[in-house]
Structure formats: structure tokens, C-alpha cells
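Good morning, and thank you for coming.

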Amino acid sequence: MDRETRIAWLVDHYHRPRHKGALADADARVPGGNPGCGDIVTLYLKAEPGGTRIGAVSFEGVGCTLSQAAASILAEQVNRDKTSFDEILSFTPEAWIDLLGRDIAEARPQCALLALGTLKAAVKTVEMNRKLREAGHTDEQIRELRRAIAAQGEETGVVVGEGAEEAANSP
């Protein structure tokens, strides 16, 4: 795809996002924020029952054209392909930037990668929640553990999980 076509594709996804909106029965709701830009993307993930494939994914968010278009493109691709957890976790930032267009996305990688990083966090959340429930932990204990993990990740520049919205809106 040439640069002009790729830009038109991104702008179309920005203006007419696919799979935008909350998933009422999601197994995970994970916010992600980009403090440097103010982008916010919240990913909703519904896993196939008892499986390791994504049954459905949607997003909500605000931010620049690139971050929101990337979320729409990701949601469209994952819903179409019913992607496995392993495929999501092994998808590299380099491959995602290539898909979006290196000449466009490379200038703002945090915007381009926000949705992918947030979806990976949602997959890990579902996997972790399953394991913790099997070990007898309550939902409140699981939420507290997730808050602690999110606090550790705040130094990376992209904040995922509890506090992501606040971090993205901070100066």
C-alpha cells in the first residue's frame, strides 16, 4: 500500500471506527494511556469460553488520529481472525508499525502502539484472572493485585491498567 492510500485508510478508521464502544460482558476492561500525548484507549476483551482465543474485542478512546485509527484497525483484525492469546502476545511492535506504515507510525510510536500494548495487557489480565480464581482468590484481591502491577508500569511512558486515564491527562 502506498503512503497516500495508507493515510486514507488511517483517516477512514479514525472517522468511522470499527468495534468502538464498551463490551457489556467483557472478561477484561483495560485502559491504556499515553502521558506524552494525552491519548486514551480502553480495550474490552471477551474470551471464547474456556479457550485461549478472543471471542470479541472493542475499544473506547480519545486522542490523535494515529492512536484511535490503530485501535480500530486492531479491533477489526482481531474480531475478523478470532486471534489466539499467544498470537496477540507474540505480535511485535515492529510488525504493527510496519502494518500501520513505518513512514507514518515511526514518528509517533507510542501513539501507534498504545492499542496493541493495551490489548496485550487485556490478554494477560484474562489469563491472570483465570489462574487467580483457580487458586481461590476473590475478585477484590485480584483487583488489588492489578492496581499494584499497574503502579509498577508507570515508568515506561505508556500507562496500562488502573490510573491510565489520569496519567494520560497529566502534564
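**Ser 84 and the chain around it**

Beyond its neighbours within four places in sequence, Ser 84 is in contact with Thr 52 and Arg 53, where contact means heavy atoms within 4.5 Å. Ser 84 sits in the loop between helix 2 and helix 3 (85–90). Helices (H or I, at least four residues) and strands (E, at least two) are DSSP runs, numbered from the N terminus. With a relative accessible area of 11%, Ser 84 is buried; buried means under 20% relative accessible area, exposed over 50%, and partly exposed in between (1.4 Å probe, protein chains only).

A word on the source. This is a predicted model, in which local features need pLDDT of at least 70 and side-chain atom pairs count only at pLDDT 80 or more, while totals for chains, interfaces and linings use all residues. Residues are numbered from 1 along each chain as its sequence is written, and side-chain values use heavy atoms, with hydrogens and water left out.

In the loop that holds Ser 84 we also find Lys 82. Its phi is near 50°, a positive value in a residue other than glycine. Most residues other than glycine have a negative phi. Lys 82 is partly exposed, at 32% relative accessibility. His 19, in the loop between helix 1 and strand 1 (28–34), likewise has a positive phi, near 60°. At 37% relative accessibility, His 19 counts as partly exposed.

Next, Gln 77, which belongs to helix 2. Which residues does Gln 77 contact, leaving aside its neighbours within four places in sequence? They are Thr 83, Trp 96 and Leu 99. Gln 77 is partly exposed, its relative accessible area being 21%. From Val 57 it is 20 residues away in sequence and 9.8 Å away in space, C-alpha to C-alpha.

I turn now to helix packing. Two packed helices are described by the angle between their axes and the distance between the axes. Axes are lines fitted to C-alpha atoms, for helices over the stretch in contact, and angles run from 0 to 180 degrees between N-to-C directions.

Helix 2 (residues 65–81) packs against helix 6 (residues 109–134) at about 40°, with the axes 7 Å apart. Helix 2 is therefore oblique to helix 6: angles under 35 degrees count as roughly parallel, over 145 as roughly antiparallel, 65 to 115 as roughly perpendicular and the rest as oblique. From helix 2 come Leu 66, Ser 67, Ala 70, Ala 71, Leu 74 and Val 78, which meet Cys 111, Ala 112, Ala 115, Leu 116 and Leu 119 of helix 6. Of these residues, 10 are nonpolar, one is polar and none is charged. Here Ala, Val, Leu, Ile, Met, Phe, Trp, Tyr, Cys and Pro count as nonpolar, Asp, Glu, Lys and Arg as charged, and the others, Gly among them, as polar.

How are helix 1 (residues 3–15) and helix 4 (residues 93–100) packed? Their angle is about 100°, and their axes are 10 Å apart. These two helices are therefore roughly perpendicular. Arg 6, Trp 9 and Leu 10 of helix 1 make the contact with Asp 98, Leu 99 and Leu 100 of helix 4. This set comprises four nonpolar, no polar and two charged residues.

Finally, the whole chain. There are eight helices and four strands, in the order α-β-β-β-α-α-α-α-α-α-β-α from the N terminus. Of its 171 residues, 41% count as buried.
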